[in-house]
Amino acid sequence: MHVLPGGVNSPVRAMRAIGRDPIFIERAAGAEITDVDGNTYVDYVCSWGPMILGHAHPAALEAVSAAAALGTSYGAPTAGEVELAELVASRMAGVDMLRMTSSGTEASMSAIRLARAVTGRETLVKFAGAYHGHVDGLLAQAGSGLATQGVPSSPGVPESAARGTVVVPWNDAAAVRQALADHEVAALLAEPYPANMGLVPPEPGFLELLRELTTDHGALLVFDEVITGFRVSRGGAQELTGVIPDITVLGKILGGGLPAAGYGASVELMSRIAPAGDVYQAGTLSGNPLAVAAGRATLEQLDEEAYVHLAATTEKLAAGLREAAGTRPVQVAWAAGLLTVFFSSEPVCDYAGAIACDADAYGAWCRALLARGVYPPPSQFEAWFPSLAHSPEHVTCTLEAAAAAFAEIA
Ligand SMILES: *Cc1c(COP(=O)(O)O)cnc(C)c1O
């Protein structure tokens, strides 16, 4: 605790939002995670999304150890990177070419550089409660860990960076119209199924409207599919909804639990990236062979059947959690592989709705779940990430623990 700020290397892990100390992990397998004190939990964080196959999946482990035996990094291209890019392009209509980075933050930072280069404009529009990594210009009302700190942005972000970003409420068509009319916008960024204020799906027609308005105004539509990519369906939210962005940002599942992310677009746009074009972006460990091996092994497991299974598991959990809440008013939102239990009597359709939830009661419920061997996301503003390793038995014992936890905090 004396050598890591807050005891962690990323804020949400500290569990301050639910009023407890961080849990140090020793190991994990499948849907279960074990801490250094020997407590085992059913894990619904799953590394915040990458572990869609569950922990230590044999296919991923085998691919990573085979790659490691050949050397861990070369700083030169490999066939695996080409094959991973082909896999992504075959799944996502918005991606013809892919550039890999090591983190989602880098990928969204690079996507906005490309959008600004292509449009010759600077202003960005983002949604309140949407998180696109800790990029200076994208931290305004950014959801995720910032939401629990109760601050609009962060000290250290230059005012000039913050000024270049217009923040509008999610699901608010009039506000989007206004922002695009009032500013020369380079890019509108959206998590198509926002999951960093808890899961708040788009209202019918909203993503279609974003597509139409950005096209009309000459702005680029950027979908941050770092969470939704390869999770809500084979080809992410763009396949699920049929709304195709100009630039797609990826991460999490793309690296199968190792550090990898990327951004993709049409050949025309991606040809602007160096050295094909003039927009500079680089990375020492980008396309790292271990991460590429884990990503490919993960995507290879994710066929149509996997998504049917993941959706069924998520639906069962969502319905069961709603029932377990009994008389406590909760709103349960879900999509395949994502769900949130909002402690709210009103439907949650934007960030204002999310922050109006009873976060103290949510925290007490989380502590009660942890005491019963269930590891939920330790914040009202993060989604649960069920995986393919969550069995019907895991779901049953989760729902029993949830009912007991609701009873305890009643
Ligand atoms: C996690 C996340 C990021 C940032 O990715 P990192 O790898 O943590 O930098 C960006 N966008 C979304 C939607 C995310 O959930």
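1. How many nonpolar, polar and charged residues does the shell around the ligand have? By class, there are 3 nonpolar, 6 polar and 3 charged residues. Ala, Val, Leu, Ile, Met, Phe, Trp, Tyr, Cys and Pro count as nonpolar, Asp, Glu, Lys and Arg as charged, and the others, Gly among them, as polar.

2. A word on the basis. The model is predicted: local features need pLDDT of at least 70, side-chain atom pairs count only at pLDDT 80 or more, and totals for chains, interfaces and linings use all residues. Residues are numbered from 1 along each chain as its sequence is written, and side-chain values use heavy atoms, with hydrogens and water left out.

3. The residues surrounding the ligand include Ser103, Tyr131, His132, Glu191, Asp224 and Lys252. Gly104, Thr105 and Asn196 also belong to this set. A polar backbone atom of Gly104 is 2.8 Å from a ligand oxygen. For Thr105, an N or O atom of the side chain is 2.7 Å from an oxygen of the ligand. Asn196 places a polar side-chain atom 3.1 Å from a ligand oxygen. On its own the ligand has 380 Å² of accessible area (Shrake-Rupley method, 1.4 Å probe). The protein covers 82% of that area.

4. Now the domains, whose bounds come from an automatic or database assignment. Domain 1 spans 5–57 + 303–409, and domain 2 spans 58–301. Their C-alpha centres lie 24 Å apart.

5. Between domain 1 and domain 2, the count of salt bridges (a side-chain nitrogen of Lys or Arg within 4 Å of a carboxyl oxygen of Asp or Glu) is 0.

Terms used: Near = heavy atom within 4 Å. Polar contact = N/O pair within 3.5 Å; in protein donor to acceptor, adjacent residues only side chain to side chain.
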